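Colleague: I've got a fold open in the viewer and I'd like to learn how to read it. Could you walk me through a few features?

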Amino acid sequence: QVQLVESGGGLVQAGGSLRLSCAASGRTFSTADMGWFRQAPGKEREFVAAHTWSGGKTYALYYADSVKGRFTISRDNAKNTMYLQMNSLQPEDTAVYYCAASTFATGSSWHRREAYDYWGQGTQVTVSS
């Protein structure tokens with residue numbers, strides 16, 4: 001079993017920043033493929049960013065086009081925690097943000113919800129205009 005707990009959401013004005021955290025427990029964190037997804041009201045859950053293990057101490061980072069250049073995904077293996085630094089937030093970034101983990105390598109499916117088998121409870125991010 002893997003437990004994921006997100007934190008760091010809140011209300012921010014357009015142009016502001018937030019940092020989300022995802023604390024993981026229950027398995028070896030350093031070799032897990034991890035991702036952030038978000039779901040706005042009335043919309044499907046969508047990919048935001050992924051941090052996948054490539055072997056050794058190497059990781060690959062991926063971003064949705066809509067957040068590229070504004071969001072940064074990272075992890076601290078010593079703390080079993082993944083982060084999403086979100087800058088230049090816009091009202092369209094408003095959503096519940098979910099942390100996800102995969103117990104298997106996601107391969108080329110790092111952007112697909114189906115590739116992740118553990119999810120956090122979500123944290124609300126609201127960006128006012």
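This is a predicted model: local features need pLDDT of at least 70, side-chain atom pairs count only at pLDDT 80 or more; totals for chains, interfaces and linings use all residues.

Colleague: Let's begin with sulfur. Which cysteines does a disulfide join here?

Modeller: The general idea: a disulfide is a covalent bond between the sulfur atoms of two cysteines. Here the count is 1 disulfide, and the partners are Cys22 and Cys99, with S to S at 1.9 Å. The angle about the S-S bond is -65°, a left-handed link. Cys22 sits in strand E3 and Cys99 in strand E9, 77 residues apart, so the pair ties together distant parts of the chain.

Colleague: Are those two cysteines buried or exposed?

Modeller: Buried means under 20% relative accessible area. Cys22 comes out at 0%, so it counts as buried, and Cys99 is buried with 0% as well.

Colleague: Now the sheet. What is the strand order in the open sheet of 4 strands?

Modeller: Read across the sheet, the order is E1-E3-E8-E7, with antiparallel pairing. E1 (3–7) and E7 (71–76) each have a single partner strand, which means one side of each has no neighbour in the sheet. On average, neighbouring strands are turned by 15° against each other, ignoring direction. E1 and E3 (residues 18–25) pair over 5 bridges, and Val5 stands opposite Ala23 in E3.

Colleague: And the threonine: what does the side chain of Thr123 reach?

Modeller: The backbone nitrogen of Gly9, at 3.2 Å. Thr123 belongs to strand E11 (residues 123–128) and has a relative accessible area of 12%, so it is buried. Beyond its sequence neighbours within four places, its contacts include Leu20, Ala95 and Tyr97.

Notes:
Residues are numbered from 1 along each chain as its sequence is written. Side-chain values use heavy atoms; hydrogens and water are left out. Helices (H or I, at least four residues) and strands (E, at least two) are DSSP runs, numbered from the N terminus. Buried means under 20% relative accessible area, exposed over 50%, partly exposed in between (1.4 Å probe, protein chains only). A polar contact is a pair of N or O atoms within 3.5 Å; within protein, one must be able to donate a hydrogen and the other to accept it, and residues adjacent in sequence count only if both atoms are side-chain atoms. Contact means heavy atoms within 4.5 Å. Two strands pair if DSSP finds at least two bridges between them. Axes are lines fitted to C-alpha atoms, for helices over the stretch in contact, and angles run from 0 to 180 degrees between N-to-C directions. A disulfide is a pair of cysteine sulfur atoms within 2.5 Å.
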